[in-house]
Amino acid sequence: MTTTTIPINSKPRAVKPVVKYTWFKERAFSTPLDTLMTLVFLSVICYLGYLIVDWTFLNAVWTEENVAMCQEATGACWSVVDARHRLILFGLYPYELQWRATLACASIILAIVLSCFSFFWTIWRLSWLWFVGFGSYYLLMEGSLLGLQQVTTDEWGGLALTLFLFSSVVLAGIPTGLLFAMLRRSKLPVISYGISIFIDVIRSLPLLATLFTAAVVIPILLPEWLHGDKIWRVIVAFTLFFACYQAEVFRGGFQGVPKGQVEAGQALGLSSWHIFTRIVLPQVFRHSLPGTINMVVMTFKETAIVIIIGFFDVIASANAAIGTAQWAPYYMEVYAFVGFIYWGFIFLLGQYGSYLKRRLSNTSH
Amino acid sequence: MSLTTNDQNSADEVAIQITDMNKWYGDFHVLKGIDLTVKRGEKIVVCGPSGSGKSTMIRCINDLEKHQSGKIEVLGTILDRNPKNIQAIRKDVGMCFQHFNLFPHMTVLENCMLAPTLVQGTSDSKAKETALKYLDKVKIRNQADKYPGQLSGGQQQRVAIARSLCMNPSVMLFDEPTSALDPEVIAEVLDVMVSLADMGMTMICVTHEMGFARKVADRVIFMDAGEIIEDDEPNAFFDNPKSDRTKLFLSQVLEH
């Protein structure tokens with residue numbers, strides 16, 4: 001907005017403050033009415049800001065030991081988070097084993113962070129990264145394969161479970177979505193029509209119905225040896241749901257690659273495989289980046305829906321944290337804490353998305 | 001360079017032989033019994049009104065379009081449905097497109113190195129050396145690390161020519177290489193094409209640049225409605241066209 005008014009060749013550092021000031025002056029104080037509105041809204045914003053800062057920081061009680069002061073304090077009672085954060089983060093996971101859950105979460109978060117660096121953007125590096133990150137999560141959480149005490153998946157919970165569901169779904173969903181998009185472009189009508197009917201059916205069902213089917217209906221229909229763990233059934237269903245939407249995102253990406261790109265590759269004598277992997281796919285990923293980021297953000301939030309089919313995700317464990325008479329009054333603080341976790345993740349993801357977009361737009365068009 | 005040996009030792013050798021080639025799009029008969037022989041080192045300019053099938057014809061030579069009957073033989077290889085033959089022909093036939101079709105996600109240098117490393121198994125350092133040599137030849141070496149989107153149309157087309165040359169082709173096809181360019185940059189692309197012709201490259205150019213045709217072409221071919229109407233050397237073609245359709249076309253093209 002403000003940057004558009006800067007002449008192209010000027011040095012932004014020197015000019016920016018002045019431009020900002022005049023821009024603000026022109027927009028906000030050009031008529032008496034504008035001035036009045038500006039002043040009114042500025043004071044409202046300042047007052048709200050003061051209230052939030054006052055509640056969050058100035059008059060807040062911070063530690064569990066000082067919980068008695070919460071009664072008189074006018075600010076937030078963060079004692080509840082201090083006291084109950086392990087329940088929120090790890091749910092019903094055995095208390096004395098929660099160091100394992102901490103390490104497990106760290107390994108997934110590390111894998112997510114490392115995947116953001118272009119160094120890892122090759123099939124092999126990404127596969128290895130996630131094989132290790134995911135493998136160590138499972139080994140640490142489950143435990144029996146490492147010779148530790150076994151913790152079954154129904155005891156997993158809190159943020160640890162949310163992270164696990166989210167990363168499994170995105171990780172399996174993106175390649176599956178790509179596969180669906182490619183099948184949909186197949187020249188064989190049986191395959192392309194078959195997959196588009198499948199995609200349309202899954203997309204026309206609510207996510208909840210899909211997950212409910214996986215969690216409750218499948219065990220009734222299938223013989224027992226085919227049931228598997230409930231968590232895996234739900235992950236498979238969620239992944240299919242994600243993949244069907246992601247397939248449409250990729251389809252748009254494929255349509256954005258001009259036919260001439262393939263022809264140029266053919267004319268140079270490249271094989272179909274090289275044309276696909278070196279010329280088409282990189283451009284498909286570029287075109288589908290905004291849609292993919294959108295899908296990832298939505299999936300992170302939608303994982304909360306698993307509460308309904310009996311999982312103890314971060315929202316459910318937050319509810320449990322305020323489920324006692326002592327802590328019940330401080331639900332606001334707990335939801336603010338969980339909200340901050342969601343906001344932090346989505347904010348970072350959004351920032352990363354726009355960084356990627358800037359980076360890619362430097363290199364094309 | 002291999003280019004110069006080609007043209008001196010084998011001046012009479014046939015590079016491309018097209019016999020009675022036909023192509024239909026559904027019911028529409030696009031190419032009607034095309035016969036064309038191109039010798040090594042020959043420069044052919046193909047012109048004609050839009051929709052006359054000239055682009056389709058040269059796109060059949062490297063199988064970007066499939067012909068339905070007739071025979072195409074390129075550098076001794078018969079173009080049939082055998083992928084090996086198609087691949088062999090494509091490796092030896094370079095092509096430049098109207099819209100350049102550079103790969104936007106790679107730098108100029110990477111564009112030029114891709115095919116040699118993947119198709120011919122050239123080492124990175126060797127491919128880079130070749131790429132820089134041809135980028136130098138098209139006078140764009142200083143832009144090697146830029147992306148296509150940062151270049152002008154004329155520069156992009158010159159990169160596209162260099163990219164094709166990196167495969168060391170024996171034949172170059174040009175499909176309206178200057179039609180998408182601003183008038184002031186057409187000359188820089190034509191200059192590169194003229195220097196290619198001077199090196200003895202076998203070239204088939206679909207173009208409306210009649211000045212280029214007069215200066216460079218050994219033969220000018222006029223196509224209309226899927227047929228070759230006239231095939232003559234430039235002076236005869238421009239000064240004494242035989243067919244009425246050619247006369248009409250030339251009067252439309254040259255009068256302004």
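Is K139(B) buried or exposed? In this predicted model, in which local features require pLDDT of at least 70, side-chain atom pairs count only at pLDDT 80 or more, and totals for chains, interfaces and linings use all residues, K139(B) is exposed, with a relative accessible area of 65%. Buried denotes under 20% relative accessible area, exposed over 50%, and partly exposed the range in between, computed with a 1.4 Å probe on protein chains only. K139(B) is placed in the loop between α5 and α6 of chain B, and its phi is near 60°, a positive value in a residue other than glycine. Residues are numbered from 1 along each chain as its sequence is written, chains are lettered from A and ligands numbered from 1 in the order in which they are written, and side-chain values use heavy atoms, with hydrogens and water left out.

Chain A contains 14 helices and zero strands; helices (H or I, at least four residues) and strands (E, at least two) are DSSP runs numbered from the N terminus. Along the principal axes, the C-alpha atoms of chain A fill a box of roughly 75 × 65 × 35 Å. Of its 365 residues, 41% count as buried. Among the contacts in chain A with a separation of 6 or more, 65% involve residues 24 or more positions apart, a contact being defined by heavy atoms within 4.5 Å.

Chain B includes an open sheet of six strands in the order β6-β7-β8-β3-β9-β10, with mixed pairing. Two strands pair if DSSP finds at least two bridges between them. The edges are formed by β6 (93-96) and β10 (227-232) of chain B, each of which pairs on one side only. From one strand to the next, the twist averages 15°; axes are lines fitted to C-alpha atoms, for helices over the stretch in contact, and angles run from 0 to 180 degrees between N-to-C directions. Four bridges connect β6(B) in the parallel sense with β7 (residues 171-175) of chain B, and C96(B) has F174(B) as its bridge partner in β7(B).

Antiparallel pairing is found between β1 (residues 14-25) and β2 (residues 28-39) of chain B, over eight bridges. V14(B) stands opposite K39(B) in β2(B). Two residues lie between the strands of this hairpin, in which G26(B) takes a positive phi near 60°. β1(B) is also joined by five bridges to β4 (residues 69-74) of chain B, again in the antiparallel sense, with I18(B) opposite I72(B) in β4(B).

In the loop between β6 and α4 of chain B lies F100(B), which has a positive phi of about 65° although it is not a glycine. Most residues other than glycine have a negative phi. F100(B) is buried, at a relative accessible area of 10%.

Helix α4 (residues 108-119) of chain B is mostly covered, nine of its twelve residues being buried. The buried residues include L109(B), C112(B), A115(B), P116(B) and V119(B). Their cover includes α11 (272-287) of chain A as well as α3 (83-92), α5 (124-137) and α6 (153-165) of chain B. After α4(B) comes G121(B), whose phi is positive, near 70°.

M167(B), in the loop between α6 and β7 of chain B, counts as buried because its relative accessibility is 4%. Residues up to four places away in sequence aside, M167(B) touches L268(A), K91(B), A115(B), P116(B), V119(B) and Q120(B). M167(B) and A115(B) are 52 residues apart in sequence, and their C-alpha atoms are 7.0 Å apart in space.

E263(A) counts as buried because its relative accessibility is 10%. Beyond its neighbours within four places in sequence, E263(A) is in contact with R59(B), L64(B) and F97(B).

The second largest pocket holds about 960 Å³ of space. On a 1 Å grid over the protein atoms alone, a pocket is an open set of points with protein on both sides within 12 Å along at least five of seven lines, and lining residues have an atom within 4 Å of a point. Of its 24 lining residues, R185(A), K187(A), V262(A), Q266(A) and I275(A) lie nearest the centre of the second largest pocket. At least two lining residues each come from α9 (230-255), α10 (259-267) and α11 of chain A and from α3 of chain B. By class, this lining has ten nonpolar, five polar and nine charged residues.

Note on methods: 1 Å grid on protein atoms, 1.4 Å probe; cavity = no way out; pocket = protein on both sides within 12 Å on 5 of 7 lines; lining within 4 Å. Points joined across faces, edges and corners; volume = space filled by probe spheres on them. Nonpolar A, V, L, I, M, F, W, Y, C, P; charged D, E, K, R; others polar.
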